[in-house]
Amino acid sequence: MKKIGIFFGSTTGTTESVANTIAKYMGVPAADVHDVSKTAPDAVGDYDVLLFGCSTWGDGDMQDDMQDFMDGVSSLELGDKTVALFGCGDETMSDTFCNGVGEMYRKLLPTHARFIGEFNTDGYDYSTTAADVDGRIVGLLIDNVNHEDTADERIKQWTEKIRTEM
Ligand SMILES: Cc1cc2nc3c(=O)[nH]c(=O)nc-3n(C[C@H](O)[C@H](O)[C@H](O)COP(=O)(O)O)c2cc1C
């Protein structure tokens, strides 16, 4: 049985709530859902599957706490881990929608982790996102500001997808 850890960076609680919904659908206990502002990067060593989530702030920047956390994680060797990414944003910030997810992806590339959890942005309306890597969206993007009505279903579909990819 693979052990799953969820790590989130959230300023106003939106990504935290998505993290908790993911935990519910994946059957991950609350003790394995970590606020990165209170967690050391080496905590990722306890898990086989790592789900990292953050929001996007400023001019398309990764959420502050996650920036610090990723600075630590990015120097680890995670070749034996599987990673999936998720993030929250607002599609009206159309040129930087959920950029934080793409920034986490790039930060984690040197760790040699295996990435899973690419997803669609069907029904969303934005111009560009740094989470688009060569035409693939490298994680679950959630806009709870403009599309709260579809968020739960998208989270459910994504968790079903990553379960098959783990
Ligand atoms: C000042 C400010 C800047 C923001 N910048 C972006 C952005 O560049 N891209 C984006 O997708 N969302 C942006 N957002 C929206 C937040 O990412 C969104 O509200 C998110 O749900 C917050 O999640 P959190 O509470 O987990 O931090 C911004 C919001 C504010 C208030």
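A residue counts as buried when its relative accessible area is under 20%. The model is predicted. In it, S55 has a relative accessible area of 9% and is therefore buried. The ligand is surrounded by 18 residues, and the space that the ligand takes is the largest pocket.

**Ligand site**

- By residue class, the shell comprises 12 polar residues, five nonpolar residues and one charged residue.
- The closest residues to the ligand are S10, T12, T15, S55 and T56.

- The side chain of T15 places an N or O atom 2.6 Å from an oxygen atom of the ligand.
- For T56, a polar backbone atom is 2.6 Å from an oxygen atom of the ligand.
- W57 has a polar side-chain atom at 3.1 Å from an oxygen atom of the ligand.
- Of the 650 Å² of accessible area that the ligand has on its own, the protein covers 81%.

**S55 and its setting**

- S55 belongs to strand 3 and is among the closest residues to the ligand.
- The side chains of S55 and W57 are joined by a polar contact of 3.0 Å.

Key:
Residues are numbered from 1 along each chain as its sequence is written. This is a predicted model: local features need pLDDT of at least 70, side-chain atom pairs count only at pLDDT 80 or more; totals for chains, interfaces and linings use all residues. Side-chain values use heavy atoms; hydrogens and water are left out. A residue is near a molecule or strand if one of its heavy atoms lies within 4 Å of it. A polar contact is a pair of N or O atoms within 3.5 Å; within protein, one must be able to donate a hydrogen and the other to accept it, and residues adjacent in sequence count only if both atoms are side-chain atoms. Accessible areas come from the Shrake-Rupley method with a 1.4 Å probe; for residues, only the protein chains shown count as cover. On a 1 Å grid over the protein atoms alone, a cavity is a set of points where a 1.4 Å probe fits but cannot get out, and a pocket is an open set with protein on both sides within 12 Å along at least five of seven lines; lining residues have an atom within 4 Å of a point. A molecule sits in a cavity or pocket if more than half of its atoms lie within 2 Å of its grid points. Ala, Val, Leu, Ile, Met, Phe, Trp, Tyr, Cys and Pro count as nonpolar, Asp, Glu, Lys and Arg as charged, and the others, Gly among them, as polar. Helices (H or I, at least four residues) and strands (E, at least two) are DSSP runs, numbered from the N terminus. Buried means under 20% relative accessible area, exposed over 50%, partly exposed in between (1.4 Å probe, protein chains only).
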